Amino acid sequence: MAQGKLSAKQQCFVDEYLIDLNATQAAIRAGYSPKTAREQASRMLSKASISAAIACAMAERSKRTGITQDRVLEELAKVAFIKLTDIVDDTGKIKADATDEDRACIESIKYKRTDTDTGFSEEREVKASPKLKALELIGRHLGMFESHSSKEQLKLNREKFEYEKEKAAGAFQEYEDMDGIEQDIYGNDEDE
């Protein structure tokens, strides 16, 4: 519903915003002046109809691609809590019983065989995805590293969102009421 109320330029902004989530660049790509793009982007993001269109498009994309917050968090957990000894044996070879989930945590594998006069030598290196980065991202998701002021800001943002949502619902109800009054005055188009 909210998307239908957007102008062509606003819809273009929404589409461009979804590319990289950079509001200023989205405004420029949508045709707004580079000089005022930052202000225009901020103004557009504060409009309930545009915010709703962005949220709806992001939800549709998440549904279409199957990429959800839960799925991303599950993948981070795999990396964060993997034990390399579950994947690699003492010689540096991947264990036969390593699961697909375990193998998904491998960032790279290097193998080098060098022939010598007396035989050969082998070097193996298995590098897992960075655990520390995965743990940091999980911790940030859980709010473990936020200061008190960040939590207060989040609360304020949520309150602002709820206010804007109620305001948008009220505006929509006014629109519906006006539509009903218009039908009372002019009659129903289906009667003609």
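This is a predicted model: local features need pLDDT of at least 70, side-chain atom pairs count only at pLDDT 80 or more; totals for chains, interfaces and linings use all residues.
**Exercise 1. Determine whether Ser 129 is buried or exposed, and state which residues it touches.**

Solution. Step 1: Ser 129 belongs to the loop between strand 2 (119-128) and helix 7. Step 2: The relative accessibility of Ser 129 is 17%, so this residue counts as buried. Step 3: Once neighbours within four places in sequence are set aside, the contacts of Ser 129 are Val 79, Cys 105, Ile 106 and Glu 107.

**Exercise 2. Identify the buried residues of helix 3 and decide how they are arranged around its axis.**

Solution. Step 1: Helix 3 covers residues 37-46, and its buried residues are Ala 37, Ala 41 and Met 44. Step 2: These residues span an arc of only 65 degrees around the axis, and therefore lie on the same side of helix 3. Step 3: Arg 38 and Glu 39 are exposed on the other side of helix 3. Step 4: The packing partners of the buried residues are helix 1 (8-20), helix 2 (23-29) and helix 4 (48-65).

**Exercise 3. Describe how helix 5 and helix 7 cross, and characterise their contact.**

Solution. Step 1: Two packed helices are described by the angle and the distance between their axes. Step 2: For helix 5 (residues 69-80) and helix 7 (residues 131-142), the axes come within 8 Å and cross at roughly 140 degrees. Step 3: Helix 5 is therefore oblique to helix 7. Step 4: The crossing is left-handed. Step 5: Helix 5 contributes Gln 69, Leu 73, Leu 76, Ala 77, Val 79 and Ala 80 to the contact, while helix 7 contributes Lys 131, Ala 134, Leu 135, Leu 137, Ile 138 and His 141. Step 6: By type, the residues of this contact comprise 9 nonpolar, 2 polar and 1 charged.

**Exercise 4. Summarise the protein as a whole.**

Solution. Step 1: The protein has 8 helices and 2 strands. Step 2: Along the sequence, their order is α-α-α-α-α-α-β-β-α-α. Step 3: Of the 192 residues, 19% are buried. Step 4: Among contacts with a separation of 6 or more, 41% join residues 24 or more positions apart.

How values were computed: Residues are numbered from 1 along each chain as its sequence is written. Side-chain values use heavy atoms; hydrogens and water are left out. Axes are lines fitted to C-alpha atoms, for helices over the stretch in contact, and angles run from 0 to 180 degrees between N-to-C directions. Helices (H or I, at least four residues) and strands (E, at least two) are DSSP runs, numbered from the N terminus. Angles under 35 degrees count as roughly parallel, over 145 as roughly antiparallel, 65 to 115 as roughly perpendicular and the rest as oblique. A crossing is left-handed if the near helix is turned anticlockwise from the far one by less than a right angle, and right-handed if clockwise. Contact means heavy atoms within 4.5 Å. Ala, Val, Leu, Ile, Met, Phe, Trp, Tyr, Cys and Pro count as nonpolar, Asp, Glu, Lys and Arg as charged, and the others, Gly among them, as polar. Buried means under 20% relative accessible area, exposed over 50%, partly exposed in between (1.4 Å probe, protein chains only). The arc is that of the directions from the helix axis to the C-beta atoms.
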